[in-house]
Amino acid sequence: MSGLEQFQDRNVSQNYYRVKIEPYPKTPWEKFKRVVRKSLKPDLLIGLKITLLEMLRFNIHTIQYPKEKLPVSPRFRGIHRLLRLLESGNERCIGCGLCEKICISNCIRIDTKPDENGRKIPTEYTINFGRCIFCGYCAEVCPELAIVHGQEYEYASEQRAQFAMKEDMLTPLDKLKEQKEYPGFGAPTPAADKLIKKTPLAY
Amino acid sequence: METAFIIETIVKILVVLGLFSALAGFATYVERKVLAFMQRRLGPMHVGPYGILQVLADGIKLFTKEDFIPQGAVRPIFMIAPVITAATAFIAMAAIPMFPEFTIGGYTVRPIISDMNVGLLFVLGVMGIGLYGPLLAGMASGNKWSLLGAARTAIQFLSYEVVTGLSVLAPVMIVGSLSLIDFNNYQAGGVGNWLVWKQPIAFILFLIAGFAETNRTPFDLLEHEAEVISGYATEYSGMRWGLFFIGEYANMFTIGFLVSLIFLGGFNDLWFIPGAIAILLKVFFFIFLFIWARASWPHVRPDQLMWLCWKVLMPIAVVNVVITGIVMMFF
């Protein structure tokens with residue numbers, strides 16, 4: 001089972017089992033018998049054994065958060081990043097404004113101008129992270145894979161102004177080497193080429 | 001001689017007060033750690049190495065917190081109630097022989113503040129008075145949760161007082177004394193002489209009642225968060241709240257010492273282990289048992305608690321006393 005099939009498989013009941021519920025006692029004698037049976041069963045001791053074994057095994061599951069962090073899923077929608085083209089270092093954003101249009105909480109603002117080559121570039125690109133709901137539409141709609149979601153999730157701030165800086169989102173020029181092709185939200189899946197079907201034009 | 005006795009008693013009192021206040025603090029740390037390990041957590045880790053200074057941090061917090069008294073509370077009673085809990089918990093320790101006699105510089109010290117001939121009765125009685133702490137606290141707070149907690153206190157402590165008394169009656173009949181030192185001496189001479197082999201039912205009943213008297217988990221109805229917020233302690237904060245918990249942990253130690261002394265050979269030497277260490281091991285096992293049970297078991301409903309006390313434990317205790325009496329009379 002692979003791909004979508006595992007999500008389409010709704011036969012989840014295979015591991016379910018029916019809990020045996022004994023009939024409720026009706027007469028006082030039956031009640032008394034149940035009390036004696038339950039009292040003499042070693043259930044309480046079994047409970048003690050389980051907790052003691054857990055302690056002795058010392059199988060600790062705590063993540064000491066500020067020191068240790070759990071890995072984040074590649075599809076996690078954290079703080080946005082604006083990417084650059086790897087070869088030239090130019091900004092990927094072509095200023096099409098689709099993200100601004102699709103943003104459902106109206107928190108993206110773009111200002112564009114044509115540059116000296118006649119190419120449209122964004123002069124301002126701000127996302128108000130105080131309003132952003134991290135729905136991922138902007139990353140999904142971006143035709144150039146320029147605005148993407150990063151992995152960063154610790155973005156509390158005291159200043160609203162810090163929620164919208166283009167400089168913070170944009171990959172710095174000196175760190176262009178470290179910019180990785182984005183695998184997450186809005187990016188084509190690894191097998192995208194295989195999934196493309198030829199347009200049936202030969203009617 | 002008289003002056004020496006007074007000085008000795010005062011020193012003993014100070015040692016017991018200081019030691020058990022500190023131990024109560026340390027027990028909270030141990031409890032949090034053991035509970036955490038049993039639940040696959042780490043517990044306090046940040047204050048000091050492995051969180052060992054957490055006790056200190058908690059203490060500073062408790063001492064510096066505002067001593068808040070609600071407007072609707074009955075001030076004098078609200079203020080005195082935690083003191084009753086803590087004081088009775090420590091007064092009860094006066095009649096408990098903690099260790100065997102030892103000698104410092106030719107002076108023999110008996111590690112019991114007051115060796116009265118009704119020591120057991122005194123301990124149980126003073127622990128019974130301890131019920132006034134939560135009861136008055138709940139009634140004086142002017143809060144519904146506190147009142148419910150206080151009502152539960154009254155029913156729980158009073159009911160289990162009966163079980164404690166009846167269950168301990170059978171060992172008292174066998175030993176023929178109420179002095180805890182006599183209990184200890186009766187069991188001298190190895191594990192075979194322990195009273196737990198003669199009175200296993202009384203031992204279990206006393207232990208169950210001990211859980212109820214110290215308000216520990218299967219019977220922690222007085223302050224169960226999910227039902228009555230914090231019970232009688234809802235309106236308390238700062239060191240007044242802390243006094244309740246010092247009292248509770250001191251009571252845990254008292255019950256630990258009582259069970260060890262009455263049923264498990266007290267401070268007699270155990271194989272190669274000297275008596276002082278033997279009783280410490282026993283007491284710490286019971287402290288661990290209190291924590292262990294808290295990690296393992298759910299708590300009971302109030303009606304189940306009363307049912308268990310009056311319809312199960314008390315008849316068993318009475319039958320146990322009767323059978324003990326018959327056996328002692330005819331054999």
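Student: What share of the contacts in chain A with a separation of 6 or more comes from residues 24 or more positions apart, and what makes a pair a contact?

Tutor: Two residues are in contact if their C-beta atoms, placed from the backbone, lie within 7 Å; among such pairs in chain A with a separation of 6 or more, residues 24 or more positions apart account for 72%. This is a predicted model, in which local features need pLDDT of at least 70 and side-chain atom pairs count only at pLDDT 80 or more, whereas totals for chains, interfaces and linings use all residues. Residues are numbered from 1 along each chain as its sequence is written, while chains are lettered from A and ligands numbered from 1 in the order in which they are written.

Student: How many helices and strands does chain A have, and what makes a run count as one?

Tutor: Helices are DSSP runs of H or I with at least four residues, strands are runs of E with at least two, and both are numbered from the N terminus. Chain A has 7 helices and 4 strands, and from the N terminus on its elements follow the order α-α-α-β-α-β-β-α-β-α-α.

Student: How much of chain A counts as buried?

Tutor: Of the 203 residues of chain A, 12% count as buried.

Student: What makes a set of residues a nonpolar core, and which residues have the most contacts inside the largest one?

Tutor: Such a core consists of buried Ala, Val, Leu, Ile, Met, Phe, Trp, Tyr and Cys residues joined through C-beta atoms within 7 Å. The largest has 90 residues, and Val123(B) and Ala137(B) have the most contacts inside it. Helix α11 of chain B (residues 238-262) gives the most to this core, with 15 residues. Leaving aside neighbours within four places in sequence, Val123(B) is in contact with Ala92(B), Ala95(B), Ile96(B), Thr254(B) and Leu258(B).

Student: Which elements of chain B give two or more residues to the side that touches chain A?

Tutor: The contact takes 13 residues from chain A and 11 residues from chain B, and the elements of chain B that meet your condition are α1 (2-38) and α12 (275-296).

Methods:
Buried ≥ 20, exposed ≤ 12 C-beta atoms within 10 Å, placed from the backbone.
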